[in-house]
Amino acid sequence: MATITAAQVQELRQITGAGMVECKKALTECEGDMEKAKDLLRKKGLATASKKSGRIAAEGQVHAYIHGGGRVGVLLEVNIETDFAARTDDFKELVHEIALHICASSPTYVTRDEIPAEVIEREKGIYAEQLRLEGKPEKAWEKIMEGKVKKFYSENCLMDQPYAFENKITITDMVNNVTAKIGEKISVRRFVRWELGEGLEKRVYDLAKEVAAEMGPK
């Protein structure tokens with residue numbers, strides 16, 4: 001059996017727009033033959049997501065998810081090209097799964113493009129200081145910092161995050177897979193996540209002290 005490398009999987013994904021998992025399966029099945037893997041994905045209808053990226057998705061769904069008896073709430077907008085497709089079970093399930101993921105993983109941005117440049121520069125400054133304190137040679141800083149920035153994206157950008165309940169795929173993979181299945185462009189537009197008491201100073205209760213105070217001095 002041919003050994004499939006991450007570089008091969010990434011190359012096939014860039015060519016076809018299919019998900020990472022599907023690309024690896026296709027390469028494995030085709031014993032590493034890139035052309036055969038492309039044809040296989042086309043036959044399965046998975047090699048079309050990237051071709052739909054230029055189309056307009058203006059329909060869709062605004063989905064609300066409440067968790068933990070009202071302790072966490074998510075409001076999410078996901079767009080698709082037609083109202084008909086927005087009513088399909090595949091699309092509705094995708095939207096719900098993304099909302100569940102947002103609830104569990106608490107991303108800050110939808111995509112990397114939303115991150116202000118000053119945020120990335122601040123992170124790089126922190127990484128550089130960490131590397132200096134760790135005594136890492138400066139010639140290795142660039143490569144190490146690239147990895148740290150990539151990790152920052154995967155922790156903070158929804159589309160870069162591994163799915164909270166199946167970390168072998170990312171949210172982008174999930175969207176691309178459903179795009180290929182339905183045949184229409186899907187776009188995650190925006191979301192908000194609220195958590196009860198977030199940003200407030202929470203009171204720490206000491207029941208024993210409260211009872212003692214109510215009883216008064218002995």
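Student: Which exposed residues sit on the face of helix 2 turned away from its buried side?

Tutor: Lys25 and Glu29. Exposed means over 50% relative accessible area, buried under 20%, and partly exposed in between, with a 1.4 Å probe and protein chains only. Helices are DSSP runs of H or I with at least four residues, strands are E runs of at least two, and both are numbered from the N terminus.

Student: What kind of model is this, and how are residues numbered?

Tutor: This is a predicted model, where local features need pLDDT of at least 70, side-chain atom pairs count only at pLDDT 80 or more, and totals for chains, interfaces and linings use all residues. Residues are numbered from 1 along each chain as its sequence is written, and side-chain values use heavy atoms, with hydrogens and water left out.

Student: Back to helix 2. Which of its residues are buried?

Tutor: Glu22, Cys23, Ala26 and Leu27, in a helix that spans residues 20-29. Down the axis of helix 2, the buried residues fall within an arc of 130°, so they line one face. That arc is taken from the directions from the helix axis to the C-beta atoms.

Student: What follows helix 2?

Tutor: Glu31, with a positive phi near 55°.

Student: Zoom out. How many helices and strands?

Tutor: Nine helices and five strands. Of the 218 residues, 37% count as buried.

Student: Which residues have the most contacts inside the largest nonpolar core?

Tutor: Leu76, Ile98, Leu158, Ile171, Val175, Ile186 and Val188, in a core of 27 residues. A nonpolar core is a set of buried Ala, Val, Leu, Ile, Met, Phe, Trp, Tyr and Cys residues joined through side-chain atoms within 4.5 Å. Strand 2 (72-80), helix 4 (83-86), helix 5 (89-105), helix 8 (171-182) and strand 5 each give two or more residues to this core. Helix 5 gives the most, with seven.

Student: What does Leu158 touch?

Tutor: Leaving out residues up to four places away in sequence, its partners include Ile98, His101, Tyr109, Ile171, Val188 and Phe191. Contact means heavy atoms within 4.5 Å.

Student: New topic. Is Trp194 buried or exposed?

Tutor: Exposed, at a relative accessible area of 51%. Trp194 is in strand 5, residues 186-195.
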